[in-house]
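Good morning, and thank you for coming. I ask you to look at the sequence and the model first; I shall then go through them part by part.

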Amino acid sequence: MKFKKSEKLYNKGLKHLVGAVNSPVRAFSSVGGNPLFIKKAKGSKITDVDGNEYVDLVLSYGPMVLGHRHKAVEKAAKKALKKGYSFGASTEAEIRLAKIVCDAFPEMDKVRFVNSGTEAVLSAVRLARAFTGKDKIIKFSGCYHGHQDSLLVAAGSGLATLSLPGSKGVPEGAVKNTLIAEYNNLESVKKHFEKHDDIAGVIIEPICGNMGVVIPQNDFLIKLKKYLETKGALLIADEVMTGFRSKFGGAQELLGVTADITCLGKVIGGGFPVGAYGARNEIMQEVAPLGGMYQAGTLSGNPIAMAGGISTLTELKRQNPYEQFNETAHILEVILLETAKKYSVDLVVNRFGSMMNPFFTKDVVTNFEEAQSSDTKKFAVFFWEMIKNGVFLPPSQFEAWFLSSAITDKDIKKVAEAVDKAMLAVSQMKD
Ligand SMILES: *Cc1c(COP(=O)(O)O)cnc(C)c1O
């Protein structure tokens with residue numbers, strides 16, 4: 001397999017783009033080598049500029065739940081395109097997507113569309129503060145909520161727990177109202193409430209996908225919500241990744257909780273830039289123009305993006321692929337675990353619905369610290385063997401793999417063969 005053209009573009013890209021990428025997750029920093037440049041994608045496959053074809057388990061980090069260029073989505077987007085790209089005024093499509101989204105989330109009366117997950121979350125946090133009149137927000141280490149200042153902490157390392165900024169350029173003042181707790185540890189949440197009486201809410205990925213897939217244990221979310229109710233604090237579910245991925249609607253419902261505010265993105269745009277946040281009327285009343293919480297957007301509710309969202313969700317509802325997602329993820333889990341066993345490689349697989357990933361570690365992974373015990377060098381070797389054998393994975397141990405409804409039995413067979421070669425390569429690594 002050759003990567004000559006990707007390499008050439010990478011070197012060219014370095015001149016006017018930062019690291020030749022527009023999002024650092026696309027850089028291959030943790031696996032080595034240069035990022036691949038993509039020419040096109042269709043269905044379950046993605047093709048790089050050198051003509052190498054891969055089974056795509058990145059799926060744009062989640063949005064492409066129907067696979068690439070689904071007919072219905074492409075048709076809807078093209079149709080919208082012909083009517084104009086942006087008006088700075090309301091369209092019927094926004095009302096239609098809002099209805100589909102609100103119908104799928106029991107406690108969501110109203111929704112506001114924005115342009116990215118980051119924007120959705122930063123607005124949701126502002127809304128929680130506006131509604132409660134309190135300033136502090138608790139987040140969990142290892143959860144990612146976009147790149148706004150106040151939540152860019154605990155993206156990693158021990159510093160995280162000290163509420164130190166996780167990025168240069170984030171002033172301490174911006175994170176002084178952010179408190180860090182440990183995923184799956186209610187006591188770590190309670191501790192903050194014992195010390196502070198100005199906590200507006202807790203933000204959480206109901207299924208975490210941003211430290212690799214980590215699942216709430218022992219009704220963690222249910223207990224968390226119950227506790228927050230006694231404290232008058234809000235639960236903000238960041239479902240930017242999980243929304244419409246494990247069921248038609250939110251993962252929170254599958255886990256038996258209803259959040260006060262829900263953030264969405266990724267799937268609800270079907271590959272076009274969309275984010276959203278929603279809640280019951282009482283809370284959404286705070287948002288301008290109804291209330292005093294300001295939040296705006298020139299391109300918010302963009303007609304092409306709305307068409308992408310409506311067609312994606314309509315098709316998802318029709319296909320109802322969720323049962324199939326579970327089965328496929330289970331098959332892949334068995335393949336990964338059995339192959340790891342065959343070559344005596346320590347491996348843990350976490351999965352939920354159409355999100356999954358292996359961790360190169362011995363013990364269960366239920367929080368960020370446990371995820372960090374993974375052997376990233378093994379992942380790097382595994383990653384490149386998978387690439388060379390035609391499977392496109394996120395270039396990090398700590399990213400989820402995604403399934404689409406376009407994946408075929410043949411694709412799974414190809415993945416299985418690649419896993420065999422990759423696991424063999426891992427087992428042959430020298431310390
Ligand atoms: C991707 C993601 C975001 C950020 O969304 P962007 O569209 O990249 O800004 C926020 N929260 C979660 C849980 C995500 O997975």
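The expected span here is 1.5 Å times one less than the number of residues in the helix. Helices (H or I, at least four residues) and strands (E, at least two) are DSSP runs, numbered from the N terminus.

Before I go further, a word on the basis of these values. This is a predicted model, in which local features need pLDDT of at least 70 and side-chain atom pairs count only at pLDDT 80 or more, while totals for chains, interfaces and linings use all residues. Residues are numbered from 1 along each chain as its sequence is written, and side-chain values use heavy atoms, with hydrogens and water left out.

Which residues of α14 are buried? They are D411, I412, V415, A418, V419, A422, M423, A425 and V426. These residues cover an arc of only 145° around the axis, which puts them on the same side of α14. The arc is that of the directions from the helix axis to the C-beta atoms. Buried means under 20% relative accessible area, exposed over 50%, and partly exposed in between (1.4 Å probe, protein chains only). On the face of α14 turned away from its buried side we find the exposed residues D409, K410 and K413. The cover over the buried residues of α14 includes β2, β3 (53–56), α11, α13 and β13.

I turn now to helix α11. Its 21 residues, 322–342, should span 30 Å at 1.5 Å a residue, which agrees with the 30 Å between its end C-alpha atoms. The buried residues of α11 are Y322, F325, T328, A329, L332, E333, I335, L336, T339 and A340. Seen down the axis of α11, these fall within an arc of 160°, so they line one face of the helix. The face turned away from that buried side carries exposed E323, E338, K341 and K342. What do the buried residues of α11 pack against? Their partners are α10 (303–319), β11 (348–352), β12 (355–359), α13 (376–388), β14 (401–402) and α14 (409–427). Contact means heavy atoms within 4.5 Å.

Next, the sheet. In it, 4 strands form an open sheet in the order β1-β2-β3-β13, with mixed pairing. Its edge strands are β1 (38–42) and β13 (391–392), each of which pairs on one side only. Two strands pair if DSSP finds at least two bridges between them. Strands β1 and β2 (residues 45–48) run antiparallel and are joined by 4 bridges. Within this pair, K40 stands opposite T47 in β2.

Most residues other than glycine have a negative phi, and most peptide bonds are trans. S344, which follows α11, lies in the loop between α11 and β11. Its phi is near 55°, a positive value in a residue other than glycine. S344 is exposed, with a relative accessible area of 67%. R69, in the loop between β3 and α2, likewise has a positive phi, of about 55°, although it is not a glycine. R69 counts as partly exposed, at 45% relative accessibility. The peptide bond from A288 to P289 is cis, with omega near 15°. P289 is placed in the loop between α9 (281–284) and α10.

One further loop residue is G84, between α2 (71–81) and α3 (92–104). Is G84 buried or exposed? At 19% relative accessibility, G84 counts as buried. Leaving aside neighbours within four places in sequence, G84 is in contact with P303 and I304.

I close with the protein as a whole. It has 14 helices and 14 strands. Along its principal axes, the C-alpha trace spans about 60 × 55 × 45 Å. Buried residues make up 56% of the 431 residues. Among contacts between residues at least 6 apart in sequence, 72% join residues at least 24 apart.
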